[in-house]
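Student: I have a protein model open and would like to learn how to read it. Could you walk me through some features, one at a time?

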Amino acid sequence: DGLGEGQLYGLRAHGPYAPDQGHRFNPAKLLIDPYARELIGDVVNDEALWGGNDLDSADFVPRCRVVVDRPTQTVRPQTSLSDTVIYEANVKGLTARMPGLEAPGSFAALGSDAVIGHLTDLGVSALELLPVQAFFDDAFLAEKGLRNYWGYQTIGFFAPAPRYLSGGGLDEVRIAVDRLHRAGIEVLLDVVYNHTSEGDEGGATLCFRGLDNASYYRLADGRAQYINDTGTGNTLNFDHPMVTRLVMDSLRYWVEVIGVDGFRFDLCETLGRTAEGFRADGPFMTAMRQDPVLAEVKLIAEPWDIGPGGYQLGNFPAPFLEWNDRFRDDTRRFWRGDMSVASAMAERLAGSAPIFDHAGRVAHSSVNFITAHDGFTLNDLTSYSEKHNAQNGEDNRDGHNENLSDNLGAEGETDDDAVIHARARRQRAFLATLLL
């Protein structure tokens, strides 16, 4: 009581620090409010963030800011599914080097005439943004002097990432969404609700771990360690009703207050997994399907993770659409000239009906793509037969090893006109196949 709009705050939670019982309370740690609408500042890598010591972490975590919710007034384009052409982009990557922009790398730049004109010229109907919910740099990246470009380490499900704001706060995001809408372009968000950036038992205490570790996370036998179905160190526990409620509240907020038009769910299989395994009628899936707000927006599942039964392509209930990696891989194999791929390619061009044509799903449940943020770009796909991730300090271990690519005669950049011409033809063939 008594906190007004604009007030900065954090939380401290008192309770037992008993990892063998699943509890990691520590009042020395200043915590982010899971429902915070805006975060001010950054996470600073320091040993005070570790939960097992008595060091006060207040100097190393961002502050939450009180914001009063105001329903959006934007008018949605509501493009039909059959006419939807999705352009995946990163707020910084799309705007950082575009000439003439004020505040490049921000939402202010995203809503500029130059960016909107570029997207309009491309003919896309929906801009799908890589994660923009609050995330911070992993400790191992900070130690190398690197930053998290991709954003798949969310810690604030309501707050926009501070690095994408140029000073306008939430209104900067709302204005960008509205300006895109006025140009007929929908805004979809890639959202990461399957895990948080707190990592495994050796990670930082920033939010959920310090508030109610035993409820928010799926814990292994013994309670001191985390189930890691996501490959990131932890997994959110959608068997718990408050976790489902938190995510549902977050989704409705981005629709009703910010004005977005839909979501692509990273590792969505995790959101449908219960203690008994993946269930299309599990708590989260059931809540999604009966929510009147979310019934009006586009819902896209990435239908896999690395946990048990982690590949569920075709098994999500309506109205979910699904990323179709079969289309990606079969198209790459076909144009690479692999043997016996023509029948599979025909099936993909017919909407992958054997996978999706059931349970009352629409004919365009398959979201077809050839390249995305995972793996090779279109240029890489026709320029390299192997990956060469040398510059990020991971010794080429990261990323998918089998990209089904073809260098068409030379590995990497070349001045051979024949190779250059062949690559251009192959790229056009990929694009034509996807558009068809």
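Student: Let's begin with contacts. Which residues does G203 touch, not counting residues up to four places away in sequence?

Tutor: Before we start, keep in mind that this is a predicted model. Setting aside residues up to four places away in sequence, G203 touches W50, E198 and R209. You will find G203 in the loop between β10 (186-191) and α6 (208-216).

Student: Is G203 buried or exposed?

Tutor: G203 has 17% relative accessibility, so it counts as buried. The cut-off that matters here is 20%: buried means under that value.

Student: How far is G203 from N234 in sequence and in space?

Tutor: They are 31 residues apart in sequence, and their C-alpha atoms are 9.8 Å apart in space.

Student: What does T205 touch, leaving out residues up to four places away in sequence?

Tutor: T205 also lies in the loop between β10 and α6. With those sequence neighbours left out, T205 touches K29, L31, L49, G51, E198 and G210. Its relative accessible area is 2%, so T205 is buried. Notice that E198 is a contact of G203 and is also a contact of T205.

Student: Now for the rings. How many aromatic pairs does the structure hold?

Tutor: There are 21 aromatic pairs. One of them joins F263 and F265, and this pair is tilted, with 6.1 Å centre to centre and 45° between the planes. As for burial, F263 counts as buried at 1% relative accessibility, and F265 is buried with a relative accessible area of 0%.

Student: Which residues do ring pairs link into a cluster?

Tutor: The cluster consists of F157, Y193, F208, Y216, F238, F263, F265, F278, F284, F316 and F320.

Student: Which ring does the charged end of R264 sit over?

Tutor: The charged end of R264 sits over the ring of W323, 4.0 Å from its centre.

Student: How do I read empty space in a model?

Tutor: Rolling a probe the size of a water molecule over the atoms shows where empty space is left. Here the count comes to 1 cavity of 30 Å³ or more. The largest cavity has a volume of about 30 Å³.

Student: Which residues line the largest cavity?

Tutor: Its lining is made up of R332, R336, L381, T382, L404, S405, D406, L408, R426 and F430.

Student: Let's go back to helices. Where is T331 found, and what does it touch beyond residues up to four places away in sequence?

Tutor: T331 is found in helix α10 (residues 325-336). Beyond those sequence neighbours, T331 touches M345, I370, F430 and T433. T331 is buried, with a relative accessible area of 0%.

Student: Is L434 buried or partly exposed?

Tutor: L434, in helix α14, is partly exposed, with a relative accessible area of 31%. Leaving aside neighbours within four places in sequence, L434 is in contact with F327, N368, F369 and I370.

Student: What should I look for in the backbone?

Tutor: Most residues other than glycine have a negative phi, and most peptide bonds are trans. In this model, a cis peptide bond joins A318 and P319, with omega about 10°. P319 is found in the loop between β14 (298-301) and β15 (321-324).

Student: What is the phi of Q78?

Tutor: Q78 has a positive phi of about 50°, although it is not a glycine. Q78 is in the loop between β5 (63-65) and β6 (86-89), and is exposed at 56% relative accessible area.

Technical notes: Residues numbered from 1 in each chain as written. Predicted model: local features only at pLDDT ≥ 70, side-chain atom pairs only at ≥ 80, totals over all residues. Heavy atoms only, no water. Phe/Tyr/Trp six-rings, centres within 6.5 Å; stacked < 30°, edge-to-face > 60°. Buried < 20%, exposed > 50% of the residue type's maximum accessible area, 1.4 Å probe, protein only. Lys NZ or Arg CZ within 6 Å of the ring centre and 35° of its normal. Helix = DSSP H or I, 4+ residues; strand = E, 2+ residues; numbered from the N terminus. Contact = heavy atoms within 4.5 Å. 1 Å grid on protein atoms, 1.4 Å probe; cavity = no way out; pocket = protein on both sides within 12 Å on 5 of 7 lines; lining within 4 Å. Points joined across faces, edges and corners; volume = space filled by probe spheres on them.
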